[in-house]
Amino acid sequence: MLKDTWILFDLDGTLTQSEEGIWNCAKHAVKEMGFPEPDAATLRKFIGPPLMYSFRTFLGMTDEQAEEAQRIYRARYTTVGMYENRVYPGIRTMLRTLWKQGAKLGVVTGKPAYPTGKILEYFGFDRFISKVVCATDGHAEKEHLIREALPEGHGEAWMVGDRCFDMEGGVKAGVHTLGVTYGYGSEQELLESGAEKIAHTPVQILDILCPEAKRERGAFLTVEGLDGSGKGTQIERLSDALDRWGFDVVHTREPGGTPIGEKIREILLDKANAGMADVTEALLYAASRAQHVREKILPAVAEGKIVLCDRFLDSSVAYQGGGRQLGIDEVLRINAPAVEGAMPDLTVYLDLDHTESLKRRCAASEPDRMEMENESFHARVEDGYHQLIARDPDRFVVVDAAKTRDEIAVEVQEKVLNRLMESEA
Ligand code: TYD
């Protein structure tokens, strides 16, 4: 346990990768000021120093011009730019694990308070962070910010950051220093400025600060819907969003997801297998699933990953239970030894009417063995899904798949992220 340990983090370059927003805002301000567009090398220099300094030094602006450029930059940054940001992979698990170990976590940054608070809230980090100290005009020295963050009589304390300012500040404030090389500073810069320890990835921060900590469990998410409901696109969009939020995503599918499962998939979808008995079909889907659960899903969730699976048990219940009329309970019975209780934490259902699904399937590529089934089959599948949702409404996020792709993506992202962040407590 890390009960009396304080761990302070720098924000940009340590928890979040913020260059996209910084560059877009700098480009916007420079353009509005009528200056020529800065090249990539100039833009890179904007990360770290105060804005006024950058506009004056790198673009040759006068004090008045730099002040105006800063105003334009900030107007875009505080509305759009601060969200053009992503969490480094592994940060979520690292923060959550340290927090569960009882460490007190803080953020110490040269960024102003407003965007800092918004960014921490946006990514759901506010629950882990008990102290935030930001630069105020004329008061941006890391040493002072670190001292301010720590309560009197604090125990062991660490400053974790990616630049020399973080390490130097930590040394002057008398705390331990941990430099991270995945941000904007080099290992040499960090060592020369007093880093006691170096981490090359967020997971290594955890290995250094709390090697004995057990990884927190991840989550199992599934996406379901009729053929043609747009699952593929939405899974990709959701996977991108989860990545941006710093979740470690394993993308997989059923039938398939493992080498054995993919072979079973070929048998199941092969049009030559028209004579397959319904129960054979149900058992093959269950067999693919049994392998998938054991080989991939459970180990990944235990390591703290988010498994995002295109179809799972609900598909069998809807297609074999409903579509093939084997019955919901019979299909659940067949699948019991396959899943062994490994049910999804959350399931996104893309709700599409079966007649609309048929139209979309006809317009798309050549149908596989399942997609060739007639309309009443798909009507029963749809009904099977609705029965499942009625049985277990809390597990499902139901989204109207007749909306536009963008509307669906925004809704799915918001609902799934909220549920995942809530469950991190
Ligand atoms: P999938 O590759 O998801 O097809 P699509 O992208 O067209 O939705 O799934 C293949 C087919 O397998 C699909 O028609 C649904 C069916 N299926 C079942 O009948 N039972 C199951 O348990 C699963 C997982 C899929």
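Visitor: Hi! What does D207 count as at 38% relative accessibility?

Guide: D207 counts as partly exposed, because its relative accessibility is 38%. Buried means under 20% relative accessible area, exposed means over 50%, and partly exposed lies in between (1.4 Å probe, protein chains only). This is a predicted model, where local features need pLDDT of at least 70 and side-chain atom pairs count only at pLDDT 80 or more, while totals for chains, interfaces and linings use all residues. Residues are numbered from 1 along each chain as its sequence is written, and side-chain values use heavy atoms, with hydrogens and water left out.

Visitor: Which side chain does D207 meet in a salt bridge?

Guide: That partner is R215, at 3.4 Å from N to O. A salt bridge here is a side-chain nitrogen of Lys or Arg within 4 Å of a carboxyl oxygen of Asp or Glu. R215 has 27% relative accessibility, so R215 counts as partly exposed.

Visitor: Why would side chains pair up like that?

Guide: Side chains of opposite charge can pair when their charged atoms come close.

Visitor: And how many salt bridges does the count come to?

Guide: By that rule the count is 31 salt bridges. One of them joins R71 and E68, with N and O 3.0 Å apart. Both residues lie in helix 4, three residues apart, which is about one turn of the helix. E68 counts as partly exposed, because its relative accessibility is 32%.

Visitor: Which residue forms a salt bridge with D227?

Guide: R311 does, and the closest N and O atoms are 3.6 Å apart. The pair links distant parts of the chain, 84 residues apart: D227 sits in the loop between strand 9 (219-225) and helix 11 (231-244), and R311 in the loop between strand 11 (306-310) and helix 14 (313-323). Helices (H or I, at least four residues) and strands (E, at least two) are DSSP runs, numbered from the N terminus.

Visitor: Are D227 and R311 buried or exposed?

Guide: D227 counts as buried because its relative accessibility is 11%, and R311 counts as buried because its value is 10%.

Visitor: New topic! How do helix 1 and helix 4 cross?

Guide: Two packed helices are described by the angle between their axes and the distance between the axes. For helix 1 (residues 19-32) and helix 4 (residues 63-77), the axes come within 8 Å and cross at roughly 135°. The axes are lines fitted to C-alpha atoms, for helices over the stretch in contact, and angles run from 0 to 180 degrees between N-to-C directions. Helix 1 and helix 4 are therefore oblique to each other. Angles under 35 degrees count as roughly parallel, over 145 as roughly antiparallel, 65 to 115 as roughly perpendicular and the rest as oblique.

Visitor: Which residues make the contact between helix 1 and helix 4?

Guide: Among them are G21, I22 and C25 of helix 1, and A69, I72 and Y73 of helix 4. Contact means heavy atoms within 4.5 Å.

Visitor: What about helix 12 and helix 13? At what angle do their axes cross?

Guide: The axes of helix 12 (residues 259-269) and helix 13 (residues 278-302) cross at roughly 160° and come within 9 Å. That makes helix 12 roughly antiparallel to helix 13.

Visitor: Now S54. Where is S54 found, and is S54 buried or exposed?

Guide: S54 is found in helix 3 (residues 51-59). S54 counts as buried, because its relative accessibility is 0%. Leaving aside neighbours within four places in sequence, S54 is in contact with K45, F46, P49 and L59.

Visitor: Then what is phi of Q325?

Guide: Phi of Q325 is near 65°, a positive value in a residue other than glycine. Q325 is in the loop between helix 14 and helix 15 (328-339), and is exposed, with a relative accessible area of 56%. E340 also has a positive phi, near 45°. E340 is found in the loop between helix 15 and strand 12 (346-351), and is exposed, with a relative accessible area of 62%.
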